[in-house]
Amino acid sequence: MLRLRDVDVALNVEGRMRPVLTGLNLDLAEGEALGLVGESGSGKSMTVRTITRLLPHGARVSGAVEFEGRDVLAMRPAELRAFRDSDVGVVFQDPRAAINPTHRIGDFVGEALRVNRGVSKGEAARRSAELLAAVGIDDAERRLRQYPHELSGGMLQRAMIASVLAAEPRLILADEPTTALDVTIQAEVVGILDRLRRERALSMVFITHDLDLALAVCDRVAVMYAGSVVEVRSARELHDTARHPYTIGLLGSRPAIERRAERLTAIPGRPVSAFEAGPGCAFVSRCAFAQDACRASRPRLEAFQGGLVRCHRVEEIHEHSVV
Amino acid sequence: MSTLSSEPSSEPRTPPIPADNRPAIAVSGLTKDFRVADKHGRRSVFTAVSDVSFTVPAGGSLGLVGESGSGKTTTARMLVGLETPTAGRIEALGHDRSRPARSAAERRRRARELQIVFQDPYTSLDPSQTVRAAVDEVLRAHSGLEGPARAGRLAELLDQVGFDERQASARPRELSGGQRQRVAIARALAADPRVLILDEAVSALDVSIQAQILNLLVDIRTATGIAYLLISHDLAVVRHLCDSVVVLRRGRVVESGDCGAVLDTPADEYTRVLRASVPVPGWRPGSG
Amino acid sequence: MRNKKQGRIRAVYKWLGPSGTLAALFLLLMVLAAVFASVLAPADPNTGDLLNNYQGSSASHLLGTDGIGRDILSRLLYGTRTSLLGPALVVGVSMAIGIPLALLGAWYGGVVDSAVARVLDLVYALPGLLLAVLTVALFGPGLTPAVVALSIAYVPFLARIVRAAARQQRVSPYVDALAVQGFGVFRISVRHILRNIAPVVLGQAAIAFGYALLDLASLSYLGLAVQAPTADWGVMVSDTDALLKGYSTPVLLPGLLIVGSVLSLTVLGARISGERPEPHPLFGRLFGRVSGSGSERRAADAPAS
């Protein structure tokens, strides 16, 4: 349904082109939920912006972004608008920043219906109330008349999801939708997102820095580092059969809630961005298995044990760890 | 001998217990009211912290857990004297600190009892001070060391948090979030406090950096026997670092006890919801 | 050695930008003129030669002479002294009063801050020139009463911006951390807060210097501050006799120096306090529009996550 092939994106930073995504490949099947996990600078948010072509002025994009066989990068303005309005919906991290504070919740949720579908005002209000009920907001009639500041962060994020659903998109891009929320609220919001996605057979790209959360919400998870994907694997398998050294490191970095470990297996150094990476593997400076070959050339994302891994030494490392 | 224990999940790590056995922190009946005005100008009282009591034993580590509005940060600010309690008593190493310090000497003594590391590494350092200057300023005020002795202690502190000579000349702007948080830790340790309050000190960091800082904190505690009061919304981090835990909700204590016991078999309904909301392998959204 | 020096010059140029560097050079020239006036001036500024009045440019009088035959170049050079001394005193005194007030208000907040804010607002409401005219009416004309009056009038101009900047620092966690370290109000306010807002303070001081220069020149023009025989730009501009007789040089040159100084100080002040002009669509960087505050720029510099 969604295909990204060898996507390179560079942003104009004070006159200099700075790469943020390099050789990014992603595939999303109909009705699938794909998790996009990475630390700061990994380019996960830029991926969403690339798919919706919401990149800052002066950005340079190459490669292919295809949605149902249509080339998003080649779309003309009218076609692009139609794509953004009705095919894809974006749930942002901070609902308070993304929702116009001077509009009532009802206007916000019903906007897509009235403007894009030409639905009458009364009908839009009725459908909006249904949508709010679907995202678990009680007393929808009253909520529609309220302003954003009267709602809590969790409620606003639900309203945002409702507004996205109003356009009946087939693809939802959720960019850290619960990062600003408390843990208990996160569980509720994620639960709603998961249920609605299944009920309506929507595809979803779920972006988060929380690997455990991605594993719980998604069918497959892609781990990003320095502007490209380093490992893709089904969520069921990734936790126990991660193969890329970075993924293994990420899993070891998080303390477990069930038990207490003496030490965490921390990855040394700090996460690098795409523009800081050398000609070789971007992870080479932090990798315990790095060799000269890793510094010389960038590995490709290749199939390994049911997933995709971008590592020169993946087979050796795996055999070594099994022995 | 005890280090040979093969029990992988042995809960208590045993740092050297200081000779002085007075509790590091003893809080009883702590309450904080804020006067607030709504948009119509009507004044009311908002109780951020209500009748909170807990004890951090000398060399121990306690987690203060809660979501936004739980009063955990207000509690931390009262402990270090940035807010004055409305009611209740705070003692650190047997000294009362419920009221503002009355003299410069008392203020300095309090600084040597309790130090704090804040959440945001981007704003908790003076932007115009180099790493070395920031740590040295505290040493000059508290250590009583002069000349080479102080320089030695400075080098030791910087080394402890993984800074080399060159990096120590950098200003915060040139450092990453993780490095800044290391500086904040070194600066807090420079006063040689008996208790370190960590106010969401690892929450703003990338996962891989968070792990490095958590390891550092474990090492420091093993080496110095300092007591920790960890304030966090992250139950896994609390479990990793703390012996006991206090769960706060809307300014009140809902449950407290041994960290493992509370997280494995929560007694309170809210603690159960909190625990069930944490995504773990096999967790399904909506099941909590 | 040379490379290091060049590097430093380049860094200053990058910091100030083309317009700021130009302004700084102009002001440096003025300061040098004031310091070395007695060496540089070809003649005594106050001795006239009535037989040689309203002369054009010549070898003995590079810029000609005025109505009573005094050398214009010498009067301009000596005039730099009084013209810069007055505003320097005004800015110095108002900073000495305003900065402690502002820091005090920012630190304690609440009632103290409200009191500081009220006093500043009250003084701000009084026009500086009016206050100066009143003072002169009470104590007689002269530089001292004018400087005292303007110093008071300029306190809010400096203190308001310092207070705003210091309040921002006050709520910053690093200040909390210092307080927990046991440091006192004085040390934190001066060594940390003031140091961090120094660019804002210096920038505003430069702008205030420009305004004070203009105000004092106006007062001198009206005969209320610096008195007539003394060489001073403001006094020189008031030479209406020359204008009536069709000689513009004795008036035009000091006027240009006043305009140049005020403009330079304003440009430099804006640069120092962290405002960066956007390149102008027609004139490029030299006459760019000033837009965006310092904090916005810093935010834009931060690496995107």
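Start in chain C of this predicted model by selecting helices α6(C) and α9(C), whose crossing is right-handed. Helix α6 covers residues 143-170 of chain C and helix α9 covers residues 198-221 of chain C, and the two pack at an angle of about 155° with their axes 10 Å apart. Because angles over 145 degrees count as roughly antiparallel, α6(C) is described as roughly antiparallel to α9(C).

Next, show the side chains where these helices meet: α6(C) contributes residues including C:Leu150, C:Tyr154, C:Phe157 and C:Ile161, while α9(C) contributes, among others, C:Val201, C:Gln204, C:Ala208 and C:Asp215. Sorted by class, the residues of this contact of α6(C) with α9(C) comprise 15 nonpolar, one polar and one charged.

From there, turn to the largest nonpolar core, which has 254 residues and in which B:Val195 and B:Ile197 have the most contacts.

Finally, select chains A and B together, where the contact takes 34 residues from chain A and 35 residues from chain B. On the side of chain A that touches chain B, α8 (183-199), α9 (211-217) and α11 (245-253) of chain A each supply at least two residues, and α8(A) provides the largest share, eight residues. Colouring that side of chain A by class shows 15 nonpolar, eight polar and 11 charged residues.

Conventions: Residues numbered from 1 in each chain as written. Chains lettered and ligands numbered in written order. Predicted model: local features only at pLDDT ≥ 70, side-chain atom pairs only at ≥ 80, totals over all residues. Axes fitted to C-alpha atoms, helices over the stretch in contact; angles between N-to-C directions. Helix = DSSP H or I, 4+ residues; strand = E, 2+ residues; numbered from the N terminus. Parallel < 35°, antiparallel > 145°, perpendicular 65-115°, else oblique. Left-handed = near helix turned anticlockwise from the far one by under 90°. Contact = placed C-beta atoms within 7 Å. Nonpolar A, V, L, I, M, F, W, Y, C, P; charged D, E, K, R; others polar. Core = buried A, V, L, I, M, F, W, Y, C linked by C-beta atoms within 7 Å. Buried ≥ 20, exposed ≤ 12 C-beta atoms within 10 Å, placed from the backbone.
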